[in-house]
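These are my notebook entries on one chain.

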Amino acid sequence: MGKAIAIGVLIVLIILLIITNIRIVPQANAFVIERLGAFHETWQVGLHFKIPLIDKVAKRVSLKEHVIDFPPQPVITKDNVTIEIDTVVFFQITDPKLFAYGVENPMSAIENLSATTLRNIIGDLELDGTLTGRETINSKIRIVLDEATDAWGIKINRVEVKNITPPKDIQIAMEKQMRAERERREAILRAEGEKKSAILIAEGSKESTILEAEAAKEAQIKRAEGESEAIRLVQQATADGIRMITESAPTKEVLTLKSLESFEKAADGKATKIIIPSEIQGIAGIASSLTEIVEGTKGEKKIASARIKAE
């Protein structure tokens, strides 16, 4: 009976020992295994079993991307201005073995290396170049850190300059400079706007003057055309009258009578003296004689008619 109990206890202990030495490596993790104090292997994701009292999990390593925000570091620029720069480093462990045995404290090593690299880079730049050259600073720090940490099983993905803080007096001077620059740009924009406005007003006045001149020109042309047309019509009517007179073959006496009518119209009761040519006077005498003859003939005709009626 006692032997059976001992065997049962032994079986239970073996089961417990097996269970306690089963390890499950989760996703994005790796275990560094030592056997008898020396590196043995690296466990990846999955179920693993270590030999009791022989194997040991020396280090659990996360393969996710890590972010370290370093405190501000005082650095001196090329023009002897002390500024504070804090950086953010994004890295990932690519080799758990090198990370476990490459350096004693990887995070402290990265921080110190980042600070020294930053001082070397900023020492070659002036303040203005530092403030405007963040991309260059980020790239140079990343290259140096990546080369140095490659032996530690670390991959530096990127480095970002989080903040650059110059001294207070430098900040005040920069603010004044920026304010002056904004005022200068505002004055330039205002002057350009006034210039464009004056140009537009001048162009509008010019176009208005041109249009008015063209309108006056067109009016004069139309007026001249109307007067020309009126003169043409008068001349055409005169020519038609002359042509009709010519076609009717008037006698000299008719022409004389027309001339007298013209003199009558010319006088129109306003002239005090009219000189009539001798030719027209002779013709006028003839016309008077003809008038008397005609009137005498008319009288004789009337007397004859009265006699006939009396008989």
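Entry 1. The model I examined is predicted.

Entry 2. I looked up the crossing of α3 and α5 and found it right-handed. Helix α3 spans residues 106–122 and helix α5 residues 134–149; their axes come within 10 Å and cross at roughly 140°. Angles over 145 degrees count as roughly antiparallel, and α3 and α5 are therefore oblique to each other.

Entry 3. I then listed the residues that meet. On the α3 side they are Ile110, Leu113, Ser114, Thr117, Leu118, Ile121 and Ile122. The α5 side contributes Ile137, Lys140, Ile141, Val144, Leu145, Ala148 and Thr149. Sorted by class, this contact holds ten nonpolar, three polar and one charged residues.

Entry 4. I followed lysine 140, which lies in helix α5. Is lysine 140 buried, exposed or partly exposed? Its relative accessible area is 42%, so I recorded lysine 140 as partly exposed. From its C-alpha atom to that of leucine 118, 22 residues apart along the chain, I noted a separation of 8.8 Å.

Entry 5. I counted eight helices and nine strands. Of the 311 residues, 19% are buried. Among contacts with a separation of 6 or more, 63% join residues 24 or more positions apart. The chain exposes about 22300 Å², and carbon and sulfur atoms supply 59% of that area.

Technical notes: Residues numbered from 1 in each chain as written. Predicted model: local features only at pLDDT ≥ 70, side-chain atom pairs only at ≥ 80, totals over all residues. Heavy atoms only, no water. Helix = DSSP H or I, 4+ residues; strand = E, 2+ residues; numbered from the N terminus. Buried < 20%, exposed > 50% of the residue type's maximum accessible area, 1.4 Å probe, protein only. Contact = heavy atoms within 4.5 Å. Areas by Shrake-Rupley, 256 points an atom, 1.4 Å probe, with all protein chains shown as cover. Axes fitted to C-alpha atoms, helices over the stretch in contact; angles between N-to-C directions. Parallel < 35°, antiparallel > 145°, perpendicular 65-115°, else oblique. Left-handed = near helix turned anticlockwise from the far one by under 90°. Nonpolar A, V, L, I, M, F, W, Y, C, P; charged D, E, K, R; others polar.
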